[in-house]
Amino acid sequence: MEHLLARLWRLLRGPLQWRLLWLWHATFMVGVTGVVRAADGRVLLLRHRMWPPSRPWGCPTGYANRSERFEDTVVREVREETGLDVKVGRLLRVTSGYRLRVEVAYEAELAGGALAIDPVEILEAKWFSPDDLPEGVQESHRLLIQQSTGTAAAS
């Protein structure tokens with residue numbers, strides 16, 4: 001039986017194989033976060049309207065569109081939420097184990113633009129020293145900021 005399945009698989013080839021794999025395997029949404037830094041080292045944090053009131057502060061974040069590179073998601077989300085342009089840097093973390101999503105985080109460097117928040121999603125945007133973050137920062141984002149500055153071991 002296994003030999004028959006292997007032969008059949010080889011006959012299918014290309015797009016049909018990919019479609020079957022897509023149907024058979026887990027499908028996730030991908031949440032993408034950007035740890036955005038200014039030239040002076042400060043980090044951009046947003047007070048998100050839709051997040052819990054006890055922890056509304058975090059980095060720019062959103063979901064990747066179908067076929068979108070994750071780096072492009074960072075650029076798009078930062079621009080949509082703040083009006084700022086960024087240059088995406090190194091990958092900080094990929095986290096799985098959630099029921100329907102995977103989380104990906106990148107460093108990003110401010111490249112220009114003028115701060116203009118999207119009032120539908122964002123209540124406030126401010127630059128903070130990594131050593132002086134506001135109360136109510138998402139713990140996962142606090143850890144990403146520490147990781148990106150190399151202070152995670154010191155905490």
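How much of Arg142 is left open, as a relative accessible area? The answer is 23%, so Arg142 counts as partly exposed. Keep in mind as you look around that this is a predicted model. A search of the whole structure turns up 12 salt bridges, while the count of aromatic pairs comes to one. Below is a quick tour, topic by topic.

- Helix α1 covers residues 2-12, and it is hardly covered by the rest: of its 11 residues, the count of buried ones is zero.
- Take a look at the surface here, and you'll find a nonpolar patch formed by Trp9, Leu16, Trp18, Leu20, Leu21, Trp22 and Leu23. Together these residues have about 720 Å² of accessible area.
- Which helix gives the most to that nonpolar patch? That's helix α2 (residues 14-24), with six residues.
- Leu21 is one of the patch residues, and its place is in helix α2. With a relative accessible area of 30%, Leu21 is partly exposed.

**The aromatic pair**

- There is one aromatic pair to look for. Trp57 and Phe128 have ring centres 5.4 Å apart and planes at 85 degrees, so they sit edge-to-face.
- Why does this pair tie together parts that are 71 residues apart in sequence? It does so because Trp57 lies in strand β3 (residues 57-58), whereas Phe128 lies in strand β7 (residues 122-128).
- Are the two partners buried or exposed? Trp57 is buried, at 8% relative accessibility. Phe128 is buried as well, with a relative accessible area of 13%. The cut-off for buried is under 20%, so both values fall inside it.

**Salt bridges**

- Out of the 12 salt bridges, start with Arg47 and Glu124, whose side chains meet at 2.9 Å, N to O. This pair links distant parts of the chain: Arg47 is in strand β2 and Glu124 in strand β7, 77 residues apart.
- Arg47 itself is partly exposed, at a relative accessible area of 28%.
- Another salt bridge brings together the side chains of Arg79 and Asp85, at 3.0 Å from N to O. Arg79 is partly exposed at 44% relative accessible area, and Asp85 is partly exposed at 28%.
- Arg142 pairs up with Glu139 in a salt bridge where the closest N and O atoms are 3.7 Å apart. Both sit in helix α4 (residues 139-149), and because they are three residues apart there, about one helical turn separates them.
- Glu139 counts as partly exposed, at 47% relative accessibility, and Arg142 is partly exposed at 23%.

- Arg93 is found in strand β5, which runs over residues 84-95. It is partly exposed, with a relative accessible area of 29%.
- Which residues does Arg93 touch, if you skip those up to four places away in sequence? Its contacts are Glu103, Val104, Ala105, Ser140, Leu143, Leu144 and Gln147.
- With Gln147, the side chain of Arg93 also makes a polar contact of 3.3 Å.
- Now try finding Ser67: it is 26 residues from Arg93 in sequence, and the C-alpha atoms of the two are 20 Å apart in space.

- Where is Arg55? Its place is in the loop between β2 (43-48) and β3.
- Arg55 is partly exposed, with a relative accessible area of 39%.
- Leaving out residues up to four places away in sequence, Arg55 touches Gly136 and Gln138.
- Thr27 is 28 residues from Arg55 along the chain, and their C-alpha atoms are separated by 29 Å.

Definitions and conventions
Residues numbered from 1 in each chain as written. Predicted model: local features only at pLDDT ≥ 70, side-chain atom pairs only at ≥ 80, totals over all residues. Heavy atoms only, no water. Helix = DSSP H or I, 4+ residues; strand = E, 2+ residues; numbered from the N terminus. Buried < 20%, exposed > 50% of the residue type's maximum accessible area, 1.4 Å probe, protein only. Contact = heavy atoms within 4.5 Å. Polar contact = N/O pair within 3.5 Å; in protein donor to acceptor, adjacent residues only side chain to side chain. Patch = residues over 30% accessible without salt bridge, like charges linked within 9 Å, V, L, I, M, F, W, Y side chains within 5 Å. Areas by Shrake-Rupley, 256 points an atom, 1.4 Å probe, with all protein chains shown as cover. Salt bridge = Lys/Arg side-chain N within 4 Å of Asp/Glu carboxyl O. Phe/Tyr/Trp six-rings, centres within 6.5 Å; stacked < 30°, edge-to-face > 60°.
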